[in-house]
Amino acid sequence: MAVPRAASPRRPPALRWPGLLPPPPPLLLPLLLLLLPAPSEGFGHSVELAFAVEPSDDVAVPGQPVVLDCGVEGTPPVQITWRKNGVELPESTHSTLLANGSLMIRHFRLQRGGSPSDEGDYECVAQNRFGLVVSRKARIQAATMSDFHVHPQAAVGEEGGVARFQCQIHGLPKPVITWEKNRVPIDTDNERYTLLPKGVLQITGLRAEDSGVFHCVASNIASIRISHGARLTVTGSGSGAYKEPAILVGPENLTLTVHQTAVLECVATGNPRPIVSWSRLDGRPIGVEGIQVLGTGNLIISDVTVQHSGVYVCAANRPGTRVRRTAQGRLVVQAPAEFVQHPQSISRPAGTTAMFTCQAQGEPPPHVTWLKNGQVLGPGGHVRLKNNNSTLTISGIGPEDEAIYQCVAENSAGSSQASARLTVLWAEGLPGPPRNVRAVSVSSTEVRVSWSEPLANTKEIIGYVLHIRKAADPPELEYQEAVSKSTFQHLVSDLEPSTAYSFYIKAYTPRGASSASVPTLASTLGEVPAPPPLSVRVLGSSSLQLLWEPWPRLAQHEGGFKLFYRPASKTAFTGPILLPGTASSYNLSQLALSPPCDCRKDEATNQTSTTGIVIGIHIGVTCIIFCVLFLLFGQRGRVLLCKDVENQLSPPQGPRSQRDPGILALNGVRWGERGQLGRNEKRVDMKELEQLFPPAGAAGQLDSRPTQGAAAPALCEETQLSMLPLQGCGLMEGRTTEATDPCSGLAAAPPPPDGGPGLLSEGQAARPAPAPVTQPARSGH
């Protein structure tokens, strides 16, 4: 096969220098990517190493000699060896390496007793100072001939009719089939006799002299075999009655390789004799080149191509009518792998990137693998394969990467290979790799990377390039950031929280790059979650439902919540209650109750005591004074009730910044305005108060919608709620509430320091928290 000459060295992509860093000197990139002149002998394939002739598949006769061809071009001295089934084949008296590189097996043998078989896959291996190449695989098989597994069968036919005999036998190479009648080869010049290569004999327009015994004869280089005899009996002419057209034998499904011949059989009967025609199921024309009809309806396609693949339809038509019968068969044509684009030999400075491209086509589509000096090359480290292995990229090349690289394309129809050489240009005096590379997490999105100068040749350093990628990502997702030569640390930002990253550094000079430093790993810190808003829904006289927005990222990182609660009049918290990160609600039940506040009963008691005193003073005016005092203290009772309601609606006493001025409005007046009304007798509509706070017996009629920071009047004792993260939160100093009235509203605050709310993450200061709050946390930080 022809091997393409190497292309001129191509310039690798330039580095991108950030705008915040000083730009490189004007001559940096031309000098950095300068390629040394090629050796005087040039870069053509004649001075490298390539195959001029490769071995081919063959079938050998046991006991006979076999020669496998191999021709190599390249700069001498060239050493040629052979492999069998991937193992180097030692030279012996049984197999000899010829002067031109071919291999001769003197007496081909099959495995018998303890002797090995010469069957297998053979490769020619050539090596010189540039590297090593391996030829395509050539499969050598022994010639064989099996027994007939289908013998011809006796047949009876009418004069003018059709007779068909068939035999089947397997062999290597494919046997040649001929036929004998009464032990005499049939006359192939008789147009009524049609022989198909697959072992079929068709006789049309039967006559009495066609009667006899027919034998199938199969032969190849291994053997000759003769089938059983089959007698053909031809009877008198038919009645001449009309017979519907019928297809006696239709086309079979075939799978062939390009350049072979396809035989699609179609035998039709009927009276009058039907007309046989062919078409493609997809409607495309069959064409005329290489197409012929053999006998009365067999389609022969010689030198098939991939375009001939399709479903072929045989139709038997009654002459002069639309009456027809059809049969169909599929033809699949495979094509061995062949190259559309060959890899080109290249030269690159050390520390840069080398890329080879190899594109192959075939049917079915071929699989591409790469070899380095004859050994399979897989992805990993600084080697990357992309685009279904059609592109090989080697980053940060060094002297150890100098070799011959081969692209091998293979499918079920065959294989092919192409090679190219990589020359690594190494300049003297380049700096060594940067030392003491360290990476320290700064935040959830930043990592600070620091390093020290190389030990030698540091005067020509013009900058450093930091290579960054996620530790779990493949090398091809790596990206770079350039740093000036006077900087020995760099802050990498825009990273993802709680993610491990890999870093390494190279020093650049006008003549090339240093080797890569030792890579180092660092993980960004966990992201601090924001507290979701907490809503409270009253479920009953002793139960509440807590609601908050779910946070999917908390569940992804196996985080969760801690829930604390306590009556506002007490200092000790109950909890923690551990909740998963997927939770968005929780029900508190069996909350402790204080005796209900029957302020109207206190009013009645005051009325009774006052009336008794008045009666003791003057029995004669009891009724008049009683009526006056009843009205007087009745008004006082209303004032007391309004005072109690104000205490219930008052926000928790705390810093002004912790109050929500718009959390609740009464008669359209906000808290600040309502405080002003309180100094003017606190004018409140009693009917509206009764709607907001019904009697204790009507607790079950409360609105069940979530309320923000409001309490159920039936729960006369306050309950403080606090949602804290499982881990990674700070100790929060909560405010305390002086509960002087058992009817004060629901308040919320975080637990005191002795309540054990959670762990304090490194570097996180304690701070007060709003109440009530839910604060998700992520475990592991």
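Lys-198 and Glu-265 form a salt bridge, in which the closest N and O atoms are 3.0 Å apart; the term denotes a side-chain nitrogen of Lys or Arg within 4 Å of a carboxyl oxygen of Asp or Glu. The model is a predicted one, in which local features need pLDDT of at least 70 and side-chain atom pairs count only at pLDDT 80 or more, while totals for chains, interfaces and linings use all residues. Residues are numbered from 1 along each chain as its sequence is written, and side-chain values use heavy atoms, with hydrogens and water left out.

Lys-198 lies in the loop between E18 and strand E19 (200-204), and Glu-265 in the loop between E25 and E26, so the pair ties together parts that are 67 residues apart in sequence. Strands (E, at least two residues) and helices (H or I, at least four) are DSSP runs, numbered from the N terminus. Lys-198 is partly exposed, at a relative accessible area of 24%, whereas Glu-265 is buried, at 0% relative accessibility. Buried here means under 20% relative accessible area, exposed over 50%, and partly exposed in between (1.4 Å probe, protein chains only).

Glu-265 also forms a salt bridge with Arg-164, with 2.7 Å between the closest N and O atoms. Arg-164 is part of strand E14 (residues 162-166) and Glu-265 of the loop between E25 and strand E26 (267-271), so this pair ties together parts that are 101 residues apart in sequence. Lys-198 forms a salt bridge with Glu-265, and salt bridges that share partners join Arg-164, Lys-198, Glu-252 and Glu-265 into one network.

By the rule stated above, the count comes to 13 salt bridges. One of them is formed by the side chains of Asp-121 and Arg-139 (2.9 Å, N to O). This pair links distant parts of the chain, with Asp-121 in strand E9 (residues 120-128) and Arg-139 in strand E11, 18 residues apart. Asp-121 counts as buried at 18% relative accessibility, and Arg-139 as partly exposed at 46%.

The second largest pocket holds about 1400 Å³ of space. Of the 48 residues that line this pocket, Lys-174, Thr-255, Leu-256, Thr-257 and Gln-260 are the closest to its centre. On a 1 Å grid over the protein atoms alone, a pocket is an open set of points where a 1.4 Å probe fits, with protein on both sides within 12 Å along at least five of seven lines; lining residues have an atom within 4 Å of a point. The volume is the space filled by probe spheres set on the points, which are joined across faces, edges and corners. Strand E31 gives the most to the lining, with five residues; strands supplying at least two residues each include E11 (138-142), E18 (193-196), E24 (254-257) and E25 (262-264). The lining divides into 20 nonpolar, 19 polar and nine charged residues.

Ser-227 is found in the loop between strand E21 (224-226) and strand E22 (230-237). This serine is buried, with a relative accessible area of 4%. Residues up to four places away in sequence aside, Ser-227 touches Phe-148, His-151, Pro-152, His-215 and Cys-216, a contact being heavy atoms within 4.5 Å.

The protein as a whole has six helices and 54 strands. Of its 781 residues, 41% count as buried.

Terms used: Ala, Val, Leu, Ile, Met, Phe, Trp, Tyr, Cys and Pro count as nonpolar, Asp, Glu, Lys and Arg as charged, and the others, Gly among them, as polar.
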